[in-house]
Amino acid sequence: MLEFDLFELTKATVTLLVGLTAVLASLGVILCSSPIYCALYLIGHMICLALLFLLYNAEFIAAVQIIVYAGAVMILFLFIIALLGGKKEVQEPSLERSLAVLFVATMLGELFLSATVGSTKPIEGGFDVETVAEVGGSAKAIGLELFSRHLVSFELASVLLLVAAIGIICLSKFSYIPVRRRMK
Amino acid sequence: MLDDVIDFLEPYTYLIIGSVKALIIAGALLGIVPALVWLERRLMGRFQVRLGPNRVGPFGLGQPISDSIKLLFKESIIQSSADKFLFHLAPAIVVFTAIVAFAVIPFGEPITVFGQEIGLWAANVDIGLLFVFAISGMGVYGMVLAGISSNNKYSLMGGLRSSAQMISYELTLGLAALSIIVLTGSLNLIDMVNSQNSYPNILIQPLAFLLFFIAGVAETNRAPFDLPEAEQELVAGFHTEYTGMKFAMFFMGEYINMVTMSALVTLLFLGGWNAYGIPVWPIIAFSGKVFFLLFVFIWLRSTFPRIRYDRLMTFGWKVLVPLSLLNLLITSVFVVL
């Protein structure tokens with residue numbers, strides 16, 4: 001009889017593959033020259049992130065990730081690219097490009113350093129698989145946490161978003177000067 | 001030898017059952033499309049006082065088969081200015097998301113076969129409703145990509161319209177569903193059906209039902225909200241350049257989405273497979289309700305003219321969204337009190 005646990009093995013393989021795809025997709029976002037394909041790579045990356053959330057039993061976050069980012073935000077990106085007519089950008093070496101490469105290299109170096117110096121620790125919190133199941137699903141657990149311990153910050157964030165939305169409407173809808181002229 | 005195989009497979013029974021269920025559901029969904037096309041053409045004929053297809057086979061039942069064969073053998077034309085990869089990808093996305101979204105739809109109580117309890121659903125996930133919204137929301141990409149990759153201004157307009165329309169009406173759809181979620185206290189579709197054992201939700205949430213159904217018609221791009229493919233203005237919208245089977249795949253997606261939307265309305269508002277005293281099998285009750293809603297979809301198409309695009313947007317944002325917010329507010333107040 002075979003000895004290994006097929007379920008765990010499959011899960012580990014799938015996690016690895018999805019993570020690898022996520023990394024490749026994010027590379028595609030910055031390396032691809034056609035804006036439409038960049039946006040598509042970003043969508044692929046977000047779907048991979050949602051799959052990773054799913055593999056770690058965070059169903060609610062996975063669904064929200066897809067609905068908000070892949071479903072709504074990226075559609076607007078594609079919308080704008082389609083309206084502006086995505087042209088392929090010409091690759092030519094310049095000072096800015098070499099600066100950008102230097103910057104990215106520094107960031108990657110920092111990431112590497114921090115990964116080697118201190119090993120990653122699991123986030124300590126009140127929730128693991130058992131407690132989440134006890135509360136009744138990940139959606140409920142997140143709701144309870146969000147609306148009890150983090151209520152003030154949650155409401156502040158929502159007010160911030162509301163202010164931003166009203167600001168956008170004001171900026172795009174009314175120009176300030178014609179309104180004053182009319183008042184004279 | 002056979003015993004060894006059975007011993008080896010024993011712990012993975014749930015995997016085998018799951019795969020068989022997935023195959024059956026995907027096959028049935030694909031098979032339902034020609035039937036729906038036939039139904040739509042026959043019913044439209046009746047509504048418009050003409051005959052409809054009646055030459056191929058009894059009642060024209062052979063028509064969908066001959067149509068499918070014709071579409072399969074047609075030459076596939078791709079204009080040279082199109083983006084080949086995206087052009088092929090777009091119809092695949094439409095059909096894929098349509099079938100996957102159906103995966104969490106339950107259509108009956110669990111049945112027992114050979115001592116195994118089998119639920120009549122492909123997957124029973126905790127976040128059922130959100131899953132449907134997430135996956136069907138991804139279906140927009142098929143239309144947008146078809147519009148962009150065709151390199152044609154009519155297709156582009158169709159793609160843009162469809163994305164704007166679907167984003168706008170998704171809001172109403174979600175808010176109307178949210179009032180049912182507030183009532184039930186769960187995102188699980190089976191829990192929702194079980195909470196309607198005594199009476200269906202439509203009796204206490206008629207406004208939410210109306211909003212959900214209108215938004216559902218808009219989400220599936222059906223008339224009177226079929227702006228993305230308005231023939232008189234946009235040739236055929238985002239699928240202008242498509243031929244043969246790829247053209248048919250967009251229609252497969254649309255019809256499967258119609259079935260999914262009808263099933264969702266049934267589960268959320270009409271009590272799912274609860275028959276309320278009428279002695280029929282749960283699955284028959286469920287399919288009856290879904291069939292009736294599909295009939296209404298076709299009825300709407302042959303009754304209402306297409307509405308203008310700016311009116312569509314105004315209607316969505318200034319009428320449906322405030323109404324659904326108000327409905328949600330009132331429902332929440334009643335639930336809390």
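1. H5(B) gives the most, with 9 residues. Helices here are DSSP runs of H or I with at least four residues, strands are E runs of at least two, and both are numbered from the N terminus.

2. A quick word on what you're looking at: this is a predicted model, where local features need pLDDT of at least 70, side-chain atom pairs count only at pLDDT 80 or more, and totals for chains, interfaces and linings use all residues. Residues are numbered from 1 along each chain as its sequence is written, chains are lettered from A and ligands numbered from 1 in the order in which they are written, and side-chain values use heavy atoms, with hydrogens and water left out.

3. Back to the interface: 24 residues of chain B are in contact with 27 residues of chain A, contact meaning heavy atoms within 4.5 Å. There is 1 residue pair in polar contact between chain B and chain A, both at pLDDT 80 or more.

4. Now find Ser179(B), which sits in helix H6 of chain B. Its relative accessibility is 0%, so Ser179(B) counts as buried (buried is under 20% relative accessible area, exposed over 50%, partly exposed in between, with a 1.4 Å probe and protein chains only). Leaving out residues up to four places away in sequence, Ser179(B) touches Gln205(B), Ala208(B), Asn327(B), Leu328(B) and Thr331(B). With one of these, Asn327(B), the side chain of Ser179(B) makes a polar contact of 3.5 Å.

5. Helix H1 (2–9) and helix H2 (13–47) of chain B each give two or more residues to the patch, and H2(B) has the largest share, 5 residues. Leu9(B) belongs to helix H1 of chain B and counts as partly exposed because its relative accessibility is 35%.

6. Last, chain A: you'll find 8 helices and 0 strands there. Of its 184 residues, 18% count as buried.

Note on methods. A polar contact is a pair of N or O atoms within 3.5 Å; within protein, one must be able to donate a hydrogen and the other to accept it, and residues adjacent in sequence count only if both atoms are side-chain atoms.
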